[in-house]
Amino acid sequence: MAALEHAAEEAPTAGEYILHHLTFLKNHEPKGIVDFSVVHWDSVFFSVLLAVLFAGSFWLAARKASATGVPKGFQSFVELIIDFIDTTVKESFTHHSKVIAPLALTIFMWVFLFNFMDLLPVDLLPKVAHWFGVEHLKSVPSTDVNVTFGMSLTVFILIIFYSIKMKGLGGFVSEFTMQPFAAKNPVVKVLLIPANLVLEIVPFLARPISLSLRLFGNLFAGEMIFLLIALLTLNGLSGLTGVGGWIGVFGHIVLGLVWAIFHILVITLQAFIFMVLTIIYLAMAHEHH
Amino acid sequence: MEAFATVQGMTVLAVGIIFGLGALGTAIGFGILGGRFLEGAARQPELTPMLQTKMFIVAALVDAVAMIGIGFALFFTFANPFLGPLAQTAAGG
């Protein structure tokens with residue numbers, strides 16, 4: 001009896017499997033589309049874990065770094081990455097700032113580690129969590145809109161902060177009200193303000209939104225395809241009794257491999273894009289004529 | 001019952017259109033982008049690494065709205081927000 005019940009519960013349908021893997025570990029269900037009292041424990045846990053991993057290992061490498069002598073091992077890897085970030089920042093950011101390069105490094109490495117979690121087998125971490133009594137677990141923080149929006153809103157606040165710091169409040173406001181239609185006559189200037197506001201505020205707001213949703217969309221779609229590939233062997237190796245089962249197992253391995261290899265490109269590219277766009281937006285915030 | 005089926009059917013059509021038009025735009029965009037990159041690299045081969053970096057940057061920008069569309073389309077597929085109000089009116093009425 002218990003074995004039968006266990007067997008019945010063991011076989012989820014395709015829809016249930018996908019929905020189970022799309023559910024976050026939260027304190028309670030959201031009451032409506034915006035509910036700020038909901039916390040996604042799994043996103044928070046993995047974000048903090050990956051931040052500690054990245055910052056801790058880089059800090060250790062910096063502490064043990066020898067100025068003389070040939071760097072080897074992890075230190076040379078860290079130097080490779082720092083060099084890469086340095087070159088990228090120098091290309092786009094021509095002003096003085098102590099914040100921009102560490103910010104770019106943090107964004108690149110952190111987002112890359114978020115995305116890298118997507119390459120782990122879909123069922124691995126949720127199964128391990130299940131042994132500890134945790135029902136749902138989503139291990140890729142960048143598939144959580146809240147995480148990506150958190151990062152892009154932070155960048156947005158930095159853009160506003162540096163705009164006001166470099167251009168002054170008047171300069172910041174005039175950037176929205178005096179462009180792109182400029183006039184010499186003060187009356188005409190005032191009349192043109194609504195048009196300028198619309199034409200300037202829309203791209204200005206589109207930046208953080210597109211920054212976050214680009215990362216979210218790419219990673220969510222990637223994770224969804226991994227889940228759909230995993231559906232090929234939904235009933236495990238018990239499908240090996242028929243030809244369909246063999247095709248499922250073989251298809252799962254091949255398609256999973258192909259998609260994972262393509263996904264390696266996507267995760268690196270998305271982390272790089274987030275970083276490059278942050279640098280470019282902050283460079284635009286710093287420039288003043 | 002029929003209202004549910006209608007909403008679900010319409011949602012499926014919408015998801016298909018989102019995917020299709022996004023893919024169409026992205027394909028044309030990448031085709032033009034890649035073609036220009038190859039032309040530039042053929043004219044000045046020493047610039048290829050720099051052009052390649054810039055190409056990837058623009059590629060991610062071209063991809064962006066299509067990906068946002070895919071995110072929404074998958075959201076409609078698995079957590080259709082249009083069925084909620086329908087269920088409420090069905091339960092209430």
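1. Where helix α4(A) meets helix α5(A), the residues that touch are A:Ile82, A:Ile85, A:Asp86, A:Thr88 and A:Val89 on the α4(A) side and A:Ile100, A:Ala101, A:Ala104, A:Leu105 and A:Phe108 on the α5(A) side. Two residues are in contact here if their C-beta atoms, placed from the backbone, lie within 7 Å, and helices (H or I, at least four residues) and strands (E, at least two) are DSSP runs, numbered from the N terminus. By class, this contact holds 8 nonpolar, 1 polar and 1 charged residues, where Ala, Val, Leu, Ile, Met, Phe, Trp, Tyr, Cys and Pro count as nonpolar, Asp, Glu, Lys and Arg as charged, and the others, Gly among them, as polar.

2. Please keep in mind that this is a predicted model, in which local features need pLDDT of at least 70, side-chain atom pairs count only at pLDDT 80 or more, and totals for chains, interfaces and linings use all residues. Residues are numbered from 1 along each chain as its sequence is written, while chains are lettered from A and ligands numbered from 1 in the order in which they are written.

3. The geometry of the pair in the opening point is as follows: helix α4 (residues 74-92) of chain A and α5(A) pack at an angle of about 120°, and their axes are 10 Å apart. Axes are lines fitted to C-alpha atoms, for helices over the stretch in contact, and angles run from 0 to 180 degrees between N-to-C directions. That angle makes α4(A) oblique to α5(A), given that angles under 35 degrees count as roughly parallel, over 145 as roughly antiparallel, 65 to 115 as roughly perpendicular and the rest as oblique. The crossing of α4(A) past α5(A) is right-handed; a crossing is left-handed if the near helix is turned anticlockwise from the far one by less than a right angle, and right-handed if clockwise.

4. Helix α4(A) also packs with α9(A), at an angle of about 35° and with the axes 9 Å apart, and this crossing is right-handed. A:Thr88, A:Val89 and A:Ser92 of α4(A) meet A:Val276, A:Ile279, A:Ile280 and A:Ala283 of α9(A), a contact with 5 nonpolar, 2 polar and no charged residues.

5. Next comes helix α7 (residues 145-177) of chain A, whose axis comes within 8 Å of that of α8(A) and crosses it at roughly 155°. That makes α7(A) roughly antiparallel to α8(A), and the crossing is right-handed. Among the residues that make the contact are A:Phe149, A:Met151 and A:Phe156 of α7(A), together with A:Leu197, A:Ile201 and A:Leu211 of α8(A). The residues of this contact divide into 14 nonpolar, 5 polar and 1 charged.

6. What is the overall make-up of chain A, in helices and strands? Chain A has 9 helices and 0 strands. Its radius of gyration is 24 Å, well over the 19 Å that the globule rule gives for 289 residues, so chain A is more spread out than a compact globule. The radius of gyration is taken over C-alpha atoms, and the globule rule is 2.2 Å times the number of residues to the power 0.38. Along the principal axes, the C-alpha atoms of chain A fill a box of roughly 85 × 60 × 35 Å.

7. Chain B has 3 helices and 0 strands. Its radius of gyration is 21 Å, whereas a compact globule of 93 residues would have one near 12 Å, and its C-alpha trace spans about 70 × 15 × 10 Å along its principal axes.

8. The contact between the two chains takes 16 residues from chain A and 10 residues from chain B. On the side of chain A that touches chain B, α2 (14-22), α8 (186-230) and α9 (243-286) each supply at least two residues, and α8(A) gives the most, with 9 residues. By class, the residues on that side of chain A divide into 11 nonpolar, 4 polar and 1 charged. For the complex, the predictor gives an ipTM of 0.77 and a pTM of 0.87.

9. Finally, on confidence, pLDDT is the predictor's confidence in each residue, from 0 to 100. Chain A averages 87, with 94% of the residues scoring at least 70; confidence in chain A is lowest in helix α1 (residues 2-10), at a mean of 45, and highest in helix α5 (residues 100-116), at 95. Where pLDDT is low, the predicted coordinates should not be read in detail. The mean pLDDT of chain B is 89, and 99% of its residues reach 70 or more.
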